[in-house]
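Subject: Structure handover

Hello,

Here is the structure we spoke about, with its sequence. My notes on what turned up in it follow below.

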Amino acid sequence: MAQTKTNKKVKKLFTSSVVQDKEEKKKYRWQVSISVLVIFIFGSLLNIPFSREVKRLNIAAGNTSIKLNESTINDLIPVLISSLILGLILVFIGVWVSSKANLGAPVIARMFSKKPISKLINGTSIISSILLAILVALFLLGLFELQSEFYPISGKISRPSKSFYALVSFSAGISEEIMFRLGLMSLIIAGIQYWKKVENPSNKTIWTGIIISAICFGIMHLPLSKNFVELTPFTIGVTMIGNLITGATFGWIFWKRGLLVAIISHIAFDLVFHVIGTPYT
C-alpha cells in the first residue's frame, strides 16, 4: 500500500499540469505580450558577450573571415532592433495567433491578476520541471563521457570560459523558449488545429508540435557547433539527437506548465550542462 501511494505521488509530480484559464489569459493578453517582449529583448542582449567571445576565439584560431566590432556598444543597437522585430513576431504568434491552442504564458498572466499563483500551479510542479531538466542534463553529460571514450572529437577552437556559459545559460533559456516553444511550437499546433477545424488540440497534435519544433531546435544549434567541432555525420547526429531530447523535454514542460516554467527549467539545464559539466571535451 505504501509503495502504491509513493508511486502515485511520483507520477503526479511529473504529470500535473498548470490549470489553464483562457479568460484570464485573454484579459491580460496585452500585459503578457509586453512582458514577454521585454524578456526576449533582455535575453537577446545577454547573448552579446558570449557571441563576441566566440568570435574572438575564432579570430585567435586564425579564422580571418570573422569580424569583431571594437566595442560592445556597436553590437548593442543591431541586436536591440533585431530582437525587437523578432520578438514582436514571436509574441504575436504565441500569445495572439495561437490562443486557441491554450498554451502560452499562464503564470505570467496570473501575475497580473489578484489570484494566487499557487491556485494555478503548485510548487512541486515547478520543482519537478527543474529536476527533470537537470536529470536530462546529467544523462546527456554521461553520454558525452561515454562517447569521448570510444569516439573522441578534436575541437577547432578553445571553448569560452564558464562565466560566459553562465551568462548565456540565462540568455538561451529565455530567447530559445520564446522562439521555439512559444513561437514555433504554438504556431505548428495552431496550424494543425486550423487545418483539422478542431477547438482543442489533441495530445497527438501537441506532440507533433513538440517534435517538429525540437528538430528545428537541433538544426539551429548546428552553426554554433560548427564553431567548436568539424561538422561530420557523427557530430551532426550527436547535435541533432541531443537537442531533440532537450527540445522535447522543454516542449513537454511548456505544454504542461507554461512558458515561464519552461524558461526556468531551460536555464537550470544549461547551468548544469555547460557550467557544472564540461561537454565536448
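A search of the whole structure, which is a predicted model, finds seven aromatic pairs. One aromatic cluster is formed by Phe144, Phe250, Phe269 and Phe273. The charged end of arginine 159 sits over the ring of phenylalanine 228, 4.3 Å from its centre. Lysine 256 lies over the face of tryptophan 255, and the distance to the ring centre is 4.5 Å.

In soluble globular proteins, nonpolar side chains tend to be buried together. The largest nonpolar core here has 34 residues, and Val36, Ile178, Met185 and Leu259 are the ones that touch the most other members. At least two residues of this core come from each of α3 (29-46), α5, α6, α8 (162-196), α9 (203-226), α10 and α11.

What does leucine 259 touch, leaving out residues up to four places away in sequence? Its contacts are Val36, Gly104, Ala105, Glu177, Ile178, Leu182 and Phe254. Val36 and Ile178 are named with leucine 259 among the residues that touch the most other members of the largest core.

On helix geometry, I checked α10 and α11. Helix α10 covers residues 233-257; at 1.5 Å a residue, its 25 residues should span 36 Å, and the end C-alpha atoms are 35 Å apart, so the two values agree. Helix α11 takes in residues 259-276, and its 18 residues should span 26 Å at 1.5 Å a residue; the end C-alpha atoms lie 25 Å apart, which agrees. Of the 18 residues in α11, 13 are buried, so this helix is mostly covered.

The loop between α5 (73-97) and α6 (106-112) holds serine 98. Is serine 98 buried or exposed? Serine 98 counts as buried because its relative accessible area is 2%, and the cut-off for buried is under 20%. Its side chain reaches the backbone oxygen of isoleucine 93 at 2.8 Å. Not counting residues up to four places away in sequence, serine 98 touches Ile93, Ser186, Leu187 and Ala190.

Asparagine 102 is also placed in the loop between α5 and α6. Most residues other than glycine have a negative phi. The phi of asparagine 102, however, is positive, near 55°. Asparagine 102 has a relative accessible area of 19% and is therefore buried, given the limit of under 20%.

Lysine 197 is another residue that is not a glycine and has a positive phi, of about 55°. Lysine 197 lies in the loop between α8 and α9. Its relative accessibility is 73%, so lysine 197 counts as exposed.

Last, tryptophan 30, which is in helix α3. At 60% relative accessibility, tryptophan 30 counts as exposed, because exposed means over 50%. Tryptophan 30 and threonine 72 are 42 residues apart along the chain, and their C-alpha atoms are separated by 32 Å.

Regards

Technical notes. Residues numbered from 1 in each chain as written. Predicted model: local features only at pLDDT ≥ 70, side-chain atom pairs only at ≥ 80, totals over all residues. Heavy atoms only, no water. Helix = DSSP H or I, 4+ residues; strand = E, 2+ residues; numbered from the N terminus. Buried < 20%, exposed > 50% of the residue type's maximum accessible area, 1.4 Å probe, protein only. Polar contact = N/O pair within 3.5 Å; in protein donor to acceptor, adjacent residues only side chain to side chain. Contact = heavy atoms within 4.5 Å. Expected span 1.5 Å × (residues − 1). Phe/Tyr/Trp six-rings, centres within 6.5 Å; stacked < 30°, edge-to-face > 60°. Lys NZ or Arg CZ within 6 Å of the ring centre and 35° of its normal. Core = buried A, V, L, I, M, F, W, Y, C linked by side-chain atoms within 4.5 Å.
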